[in-house]
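Biologist: I would like to learn how to read a fold from its strands, its charged pairs and its surface. Could you take me through one case, step by step?

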Amino acid sequence: LPGFLLLNLNTQIRREEKIGEGGCATIYKGIIIDPELKRKNGTDKVAIKEVHAKNQEESFKQEISIIWSLSFHPNVIKLIGYCEEPSLCIV
């Protein structure tokens, strides 16, 4: 995984209200609180996907890699970053 996309939930992102929940993940609204990260991405609003199952670690890493490889396409949502503990994908 691209190490420069690794984020800290406590200092860079604030998780807000839940948007939805499925069998293996919950989606939350989020706010970027790190000024540099906010400037770099041109927004402070993000969506956060939290993966529930610990046995999903390998598929979580694969999902991050796929989203990262596609995030340069204009019709695909941009990956802002990820957290490993808890397993979060921030878009």
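Biologist: How many residues lie between S1 and S2 in the hairpin that they form?

Modeller: Please keep in mind that this is a predicted model. S1 and S2 form their hairpin with 3 residues between them, and the two strands pair in the antiparallel sense over 6 bridges. Within that pairing, Arg15 stands opposite Gly30 in S2.

Biologist: Which residue in S3 does Gly30 stand opposite?

Modeller: Gly30 stands opposite Val46 in S3, in the stretch where strand S2 (residues 25-32) and strand S3 (residues 45-51) pair in the antiparallel sense over 7 bridges.

Biologist: What is the order of the strands in the open sheet?

Modeller: The open sheet has 5 strands in the order S1-S2-S3-S5-S4, and its pairing is antiparallel. Strand S1 (13-21) and strand S4 (81-83) are the edge strands, since each of them pairs on one side only. On average, neighbouring strands of this sheet are turned by 25 degrees against each other, with direction ignored.

Biologist: Which strands does helix H2 lie across?

Modeller: Helix H2 (residues 57-70) lies across S3, S4 and strand S5 (88-90), and the helix runs at about 10 degrees to S5.

Biologist: Let us turn to the charged side chains. How many salt bridges does a search of the whole structure find?

Modeller: The general idea is that side chains of opposite charge can pair when their charged atoms come close. In this structure, a search of the whole model finds 7 salt bridges. One of them joins the side chains of Glu50 and Arg15, at 2.5 Å from N to O. This pair links distant parts of the chain, with Glu50 in strand S3 and Arg15 in strand S1, 35 residues apart.

Biologist: Is Glu50 buried or exposed?

Modeller: Glu50 counts as buried because its relative accessibility is 16%, and the cut-off for that class is under 20%.

Biologist: Where do the side chains of Lys29 and Glu17 sit in the chain, and how many residues apart are they?

Modeller: The side chains of Lys29 and Glu17 meet in a salt bridge at 3.3 Å, N to O. Here, too, the pair links distant parts of the chain, with Lys29 in strand S2 and Glu17 in strand S1, 12 residues apart. Lys29 counts as partly exposed at 41% relative accessibility, and Glu17 counts as partly exposed at 43%.

Biologist: Which residue forms a salt bridge with Glu63?

Modeller: Glu63 forms a salt bridge with Lys49, and the closest N and O atoms of the pair are 2.8 Å apart. Glu63 lies in helix H2 and Lys49 in strand S3, 14 residues apart, so that the pair links distant parts of the chain. Glu63 is partly exposed, with a relative accessible area of 26%, and Lys49 is partly exposed as well, at 23%.

Biologist: I would like to finish with the surface. Which residues make the nonpolar surface patch?

Modeller: Ile66, Leu70, Val76 and Ile77 make a nonpolar surface patch of about 340 Å². Of these residues, Leu70 lies in helix H2, and Leu70 counts as partly exposed because its relative accessibility is 44%.

Key: Residues numbered from 1 in each chain as written. Predicted model: local features only at pLDDT ≥ 70, side-chain atom pairs only at ≥ 80, totals over all residues. Heavy atoms only, no water. Pairing = 2+ DSSP bridges. Helix = DSSP H or I, 4+ residues; strand = E, 2+ residues; numbered from the N terminus. Axes fitted to C-alpha atoms, helices over the stretch in contact; angles between N-to-C directions. Contact = heavy atoms within 4.5 Å. Salt bridge = Lys/Arg side-chain N within 4 Å of Asp/Glu carboxyl O. Buried < 20%, exposed > 50% of the residue type's maximum accessible area, 1.4 Å probe, protein only. Patch = residues over 30% accessible without salt bridge, like charges linked within 9 Å, V, L, I, M, F, W, Y side chains within 5 Å. Areas by Shrake-Rupley, 256 points an atom, 1.4 Å probe, with all protein chains shown as cover.
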